[in-house]
2 protein chains.
Amino acid sequence: MDYKFITKTGLFKGVTEEETKAMLKCLGAEEKKFPKDYTIYHMGQTIRRMGLLLKGGINIVRTDVWGNANILGHILPGEVFAETYACNPNEPMISDVITTSESAVLFLDVGKVLQTCVSSCSHHERLIRNLLTVLSLKNLNLSQKINHITPKTIRERLLSYLSWEAVKQGKQHIDIPFSRQQLADYLSVDRSALSSELSKMQREGLLSYKKNHFILREIKVDGEYLKLKE
Amino acid sequence: MDYKFITKTGLFKGVTEEETKAMLKCLGAEEKKFPKDYTIYHMGQTIRRMGLLLKGGINIVRTDVWGNANILGHILPGEVFAETYACNPNEPMISDVITTSESAVLFLDVGKVLQTCVSSCSHHERLIRNLLTVLSLKNLNLSQKINHITPKTIRERLLSYLSWEAVKQGKQHIDIPFSRQQLADYLSVDRSALSSELSKMQREGLLSYKKNHFILREIKVDGEYLKLKE
DNA sequence: GAAAAAATGTTGTCATTACAACAAAGCGGA
DNA sequence: TCCGCTTTGTTGTAATGACAACATTTTTTC
């Protein structure tokens, strides 16, 4: 198991490699591999273990009875998923968890840590605090998604999302983790309308793109539109 | 201070009244009162203390540079706010926190509890675990809001929101904590279009309403529309 | 209780998107 | 390289909501 990588994730921040090994035992850690487009958790399920993504990519997807997908977020390696349900074992999942590429996941039984007494393992403390931080960052992420889908026009939603990615990645050349259909599902717009708006924006010189790679010429920060050189 | 009430909140669940008193001291608890429409926290601020609402009501509001408001959620007595920022003291707030009626708030310095060593106060443990649960419920709430604003039509958004309130309140007669304008800001639609859709739905017999009181005749659960007797 | 202010409802027009149907480009396997 | 399949882009049409302007109702204030 790649302890070096695990120690660098938000969940195990500030924990030494040695300690991590011990903790993983407490957590009943189990690594599993999944192929692309595999549904790890299904909507409606109640689950016990959360996941730490080691390799690959995951979408959190809510699909309604008519088959309309709504992507709540994307999980990158080093991030966790289903932590909300691991903390609330009674809540049924309101979304599916689906791999977007071949993936490796480390499953962790945090319930054990939360329910048993403090002293059983001296590092539980640290883990719980890290979990708090992780959860609150997830909150901010969800708020961001809300910001992206609050504008009424497709163009504004795109600029909101792409600008945010650009700021997050610290570049104006960005790769996004979504296909066109997935981006449409994330922004809650029609795919073909999205395509059409994108090419209109490209014609107007606001951005250029090829597949999942985008280059922004204008960015939206705090509601202001800033023009960028290059 | 109303310890009896405080002990019944999610944050202090499972803590005796005696213990609560001790903990509040550790947390540097301070009660404050605010008038209606008062902005307790401003967007951009970095804050140290989270709030526990004792009395009144609060909206979490994000306003853009053009004055368009986006209501992220409503806080009822017994619920907490700004907990995300209290757990991440570096993150600036992305929203305002505004009272919707005369309110009383208990401010808690959770940073103290999170940063200092475990043993300083034996009940910190319990508090942190409760905080985990509270945070994950907040996550579910945000996901709910996303569900409400994902549909493209005003009618579907309304049914999604109202049905959810009905299920939460366990009745088909419900009171909502929003004015029309606030409801529009929560659902990200135009107020007048909302009004017009509401009255159309009333004409069609889907629901009836007066001010903030609604009676549903049809409810949306898991994407299915169920007709209700009255 | 009258006047003013705020909240809610109504209506028509215009902009924008969803939707459908199709075209073109990209990709994988034989 | 050719074929089939998937993804992305294009276009036209119908539906829907935003917006503005105004009417009506409700609440507040004096």
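Visitor: Where does A:A82 lie in the chain?
Guide: In this predicted model, A:A82 lies in the loop between β5 (80-81) and α3 (83-87) of chain A.

Visitor: And what's phi there?
Guide: Phi of A:A82 is near 65 degrees, which is a positive value in a residue other than glycine. As background, most residues other than glycine have a negative phi.

Visitor: Is A:A82 buried or exposed?
Guide: A:A82 has 8% relative accessibility and therefore counts as buried, the cut-off for that class being under 20%.

Visitor: What about A:S188, what is phi there and where is the residue?
Guide: Phi of A:S188 is near 55 degrees, again a positive value in a residue other than glycine, and A:S188 is placed in the loop between α7 (180-187) and α8 (191-203) of chain A. With a relative accessible area of 17%, A:S188 is buried.

Visitor: Switching to charges: how many salt bridges are there over all chains?
Guide: A search of the whole structure gives 20 salt bridges over all chains. One of them joins A:K152 and A:E156, with the closest N and O atoms 3.4 Å apart; A:K152 counts as exposed at 62% relative accessibility, whereas A:E156 is buried, with a relative accessible area of 18%.

Visitor: Which helix holds A:E197 and A:K200?
Guide: Both residues lie in helix α8 of chain A, three residues apart, which is about one turn of the helix, and their side chains meet in a salt bridge at 4.0 Å, N to O. A:E197 counts as buried at 12% relative accessibility, while A:K200 is partly exposed at a relative accessible area of 36%.

Visitor: In chain B, what does B:E197 pair with?
Guide: B:E197 forms a salt bridge with B:R155, and the closest N and O atoms are 2.8 Å apart. B:E197 sits in helix α8 (residues 191-203) of chain B and B:R155 in helix α6 of chain B, so the pair ties together parts that are 42 residues apart in sequence. In chain A, salt bridges that share partners join A:R155, A:E197, A:K200 and A:E204 into one network.

Visitor: How much area is buried between the two chains?
Guide: About 3,700 Å² is buried between chain B and chain A, and carbon and sulfur atoms give 63% of that area. In chain B, the residues that lose the most area to chain A are B:R129, B:L132 and B:I146, together 17% of what that side buries. The contact takes 41 residues from chain B and 41 residues from chain A.

Visitor: Now rings: how many aromatic pairs are there?
Guide: Over all chains, the search of the whole structure finds 18 aromatic pairs. Among them, B:Y161 and B:F178 form a tilted pair, 6.1 Å centre to centre with 40 degrees between the planes.

Visitor: Why does that pair tie together separate parts of chain B?
Guide: Because B:Y161 lies in helix α6 (residues 154-169) and B:F178 in the loop between β9 (173-175) and α7 (180-187), the pair links parts that are 17 residues apart in sequence. Both B:Y161 and B:F178 are buried.

Visitor: Which lysine sits over the ring of A:Y186?
Guide: The charged end of A:K145 sits over that ring, 4.8 Å from its centre.

Notes: Residues are numbered from 1 along each chain as its sequence is written. Chains are lettered from A and ligands numbered from 1 in the order in which they are written. This is a predicted model: local features need pLDDT of at least 70, side-chain atom pairs count only at pLDDT 80 or more; totals for chains, interfaces and linings use all residues. Side-chain values use heavy atoms; hydrogens and water are left out. Rings of Phe, Tyr and Trp (its six-membered ring) pair if their centres lie within 6.5 Å; planes under 30 degrees apart count as stacked, over 60 as edge-to-face and the rest as tilted. Helices (H or I, at least four residues) and strands (E, at least two) are DSSP runs, numbered from the N terminus. Buried means under 20% relative accessible area, exposed over 50%, partly exposed in between (1.4 Å probe, protein chains only). A charge sits over a ring if NZ of Lys or CZ of Arg is within 6 Å of the ring centre and within 35 degrees of the ring normal. Contact means heavy atoms within 4.5 Å. Buried area is the accessible area (1.4 Å probe) that two parts lose on being put together, summed over both.
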